[in-house]
Amino acid sequence: MPSPSLEQLLRQGQIWRGNQPHPLPTRELLVSGYADLDHELGGGWQAGNLIALQYPGEGCGELRLLLPLLARLSQQPRWILWVDPPHTPYAPALAAAGIDLSRILLVRTRNRQDPLWVMEQALQCGSCSAVLGWLEPSDGRHVRRLQLAASQQQTLGVLLHQQPSPHTSAAAYRLQLQPARHGSVLALAKRRHNWPLPERRFDLGQHRLLTGADACLRPLP
Amino acid sequence: MSLYLALQFPLLPLEVCYSSDTPGPAALCEPNPPRIQLCNQLARAQGVEPHQSVASALARCPELQLCTPCPSAADSQWRALGLWAGHFSARVALVPPCGLLLEIASMARYFGSLEQLYQRLMTALQPLQFSVNSATGPTPEGARLLAITDQGLCLDPRQLRQRLEALALHQLPLPQRQLQQLAGMGLRRVGQLLDLPRNELAQRFGPGLTGYLDRLCGHQPDPPTYLQPPARFRRHQILNHEVTQIQALLFPLRRLLAELEGYLRQTQLRAAELGLTLHHRDQHHRRLLLAHRCGEQSAGVWLELWRLRLERETLTQPVIELTLEATRLSTDQTGTADLFVSPRQEDPQLLISRLQTRLGHAAVQGLALTEDHRPEYACCQRPPKLNRPAQQPLAKRRPSWLLAQPPPLAEPPSKLAIELLSGPERISSGWWQQWVRRDYFLGRWPDGRLGWLFRDDHQRWYLHGWFG
């Protein structure tokens, strides 16, 4: 029989039972748009958290993972902020994914401190639904600050980087993405209220991309 | 019924001369003959008094800071306080010397109650760091008189009469000769004077005295002349010491911005751009501009933006004067009200202003579609605008990353083990400007990544984007 205070901690989502993952979510759930992934996340990403996503290079599904989520978030009259993306996010593709382009905000910075400052401001102010930042988390304290800033509001922070992050990270979700011949291989090294998930293949919309209306493969001339 | 709030700034001529935020004993001295004109509480505690000679004041308080009167600075500060008071009432009158009169009965509902309005005003005055005496009263003259003795809230004529009756006669702002005559008649309190029949008083002292008493008690209307806000806000401030650290400019700036906020609230405008001129010695000056996207009134928001803006600057020489002006005003009242998701969420435009202030204007961009078949022209960056959702055209399969400079492939895809999964899609357009004739393919790299390749007329292969 657990004591009342333990019961309270369980209800607040501060601790979870190892044999009963996914307690009732304490924050708004943001559906990723992929049923198999949502199942592993216990219904979706919890708002007000930071996702650290490591991927080896563009083209392996790093945006496809987020696009359905961003499309839904872009229905809110709040910004979706992109800090220092590696290339230009291509408007026709974002529009085709259902994202309202008027919510997109691109920020380019010039020195090492500014991206962190921008992300922290954007996460704290509450006028962004999601904040995506491409920066290498060289210092664990920076990640902790961003996770803290995200938890103040219902804003989802996503930290995208190519270097492996240090083993301990304050981000609520830690993901590693690898390209694969079919779909992408995703490992959830850390997730809310559940054990880590070893590498698993997810389609992440690749099948639909390859079998879309104009996807017919014609013989090369 | 009207109600007036009188504010008296008794030490204003001295306080505009302070050279630090935490002054010690200080006094204003007339040069000829050298006498003390005004002194602050700390000096008074050590025995310094007005009309004392400077020598004896210094004998009592050796560390006394002596300031030379600067009537123009005190005057412009007084007028600026009149603008500042616009925050609380649209009807503000300047009452010499160094006093303000606000009509507040009509504003009580807006602030909840008179007590709340009074508390808010007193709290807002604190950061300006001026000594102030205040009182309210149903007549302008009554409020003024009670303010001299700092009597606080007094709401109705009966209360006014009670308080007036208790005042000593010499506190009335009457000619010295009349006060002496009244004292000679054996009168000590204002109550005794008010009890005397008016006709006899008028016969003996003329209509000036009875007219004043009637205005004091509200028997005769006495509408004040209210201040007309100027068409432009421009405020010049002489700093009392040279400022070498840029962060130190924020202290005088806070006061100027509070005055600006009062001005904007009274005129129902928003400032869209502010100019701050830093004056150095030898007529040199530097002008900094700061914009807010859809205009803002709040001094707090502007101060935060200025803090970010000034962080980017360094001072090469000390600043001796400041000028703050509103270079662009906007009348936009609705602003972005419909975009508020919840009242506690801040204005979405503020984030952009904040980012642009620190990173530069071009660092923050929005994204839009353009009607062009050429992939590199189908997407453009533009100033961000959070408008209502637009109808999105259905696009074909396009990569989510587009490379600005398509790198050429060293060899054809087949030799690089790139598997072509779909294509070709012929894109041919732009003969009028930059002719593009390309065949696009979706290719899978050996490691599984998906890219967007094209082959040009010369059978050369390029990578144009990633399906991220």
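A:His193 is buried, at a relative accessible area of 6%, where buried denotes under 20% relative accessible area, exposed over 50% and partly exposed the range in between (1.4 Å probe, protein chains only). The model is predicted, so that local features need pLDDT of at least 70 and side-chain atom pairs count only at pLDDT 80 or more, while totals for chains, interfaces and linings use all residues. Residues are numbered from 1 along each chain as its sequence is written, chains are lettered from A and ligands numbered from 1 in the order in which they are written, and side-chain values use heavy atoms, without hydrogens and water.

Chain A contains seven helices and 11 strands; helices (H or I, at least four residues) and strands (E, at least two) are DSSP runs, numbered from the N terminus. Of its 221 residues, 57% count as buried. Among contacts (heavy atoms within 4.5 Å) in chain A between residues at least 6 apart in sequence, 66% join residues at least 24 apart. A:His193 is located in the loop between strand 10 (184–190) and strand 11 (197–202) of chain A. Its C-alpha atom is separated by 8.1 Å from that of A:Arg17, 176 residues away along the chain.

A charge is taken to sit over a ring if NZ of Lys or CZ of Arg is within 6 Å of the ring centre and within 35 degrees of the ring normal. In chain A, the charged end of A:Arg200 sits over the ring of A:Phe202, at 4.5 Å from its centre. In chain B, the charged end of B:Arg438 sits over the ring of B:Phe454, at 4.4 Å from its centre.

Rings of Phe, Tyr and Trp (its six-membered ring) pair if their centres lie within 6.5 Å, and planes under 30 degrees apart count as stacked, over 60 as edge-to-face and the rest as tilted. The pair of B:Phe9 and B:Phe130 is edge-to-face because the ring centres are 6.4 Å apart and the planes stand at 80°. This pair links distant parts of the chain, 121 residues apart: B:Phe9 belongs to the loop between strand 1 (4–8) and helix 1 (12–15) of chain B, and B:Phe130 to the loop between helix 6 (114–125) and strand 7 (133–137) of chain B. B:Phe9 and B:Phe130 are both buried. For B:Tyr110 and B:Phe111, centres 5.1 Å apart and planes at 85° likewise define an edge-to-face pair. B:Tyr110 is exposed, with a relative accessible area of 63%, whereas B:Phe111 is buried at 6%. Together with B:Trp84 and B:Phe88, B:Tyr110 and B:Phe111 form one aromatic cluster.

Angles under 35 degrees count as roughly parallel, over 145 as roughly antiparallel, 65 to 115 as roughly perpendicular and the rest as oblique. The axes of helix 7 (residues 140–148) and helix 12 (residues 207–217) of chain B come within 6 Å and cross at roughly 90°, which makes the two helices roughly perpendicular. Here B:Glu141, B:Gly142 and B:Leu145 of helix 7 meet B:Tyr212, B:Arg215 and B:Leu216 of helix 12. Ala, Val, Leu, Ile, Met, Phe, Trp, Tyr, Cys and Pro count as nonpolar, Asp, Glu, Lys and Arg as charged, and the others, Gly among them, as polar; the contact of helix 7 with helix 12 thus divides into three nonpolar, one polar and two charged residues.

Helix 11 (residues 198–205) of chain B also approaches helix 12, with axes within 6 Å and a crossing angle of roughly 140°, and the two are therefore oblique to each other. By class, the contact of helix 11 with helix 12 has six nonpolar, one polar and two charged residues. Helix 4 (residues 71–84) and helix 13 (residues 250–267) of chain B pack at about 50°, with their axes 7 Å apart, and are likewise oblique. Five nonpolar, three polar and two charged residues make up the contact of helix 4 with helix 13.

B:Arg374, in the loop between strand 12 (364–369) and strand 13 (379–382) of chain B, is buried, with a relative accessible area of 1%. Residues up to four places away in sequence aside, B:Arg374 touches B:Ile427, B:Ser429, B:Gly430, B:Trp432, B:Gln433, B:Gln434 and B:Val436. B:Ser429, in strand 15 (residues 419–429) of chain B, is buried at 10% relative accessible area.

Methods. Axes are lines fitted to C-alpha atoms, for helices over the stretch in contact, and angles run from 0 to 180 degrees between N-to-C directions.
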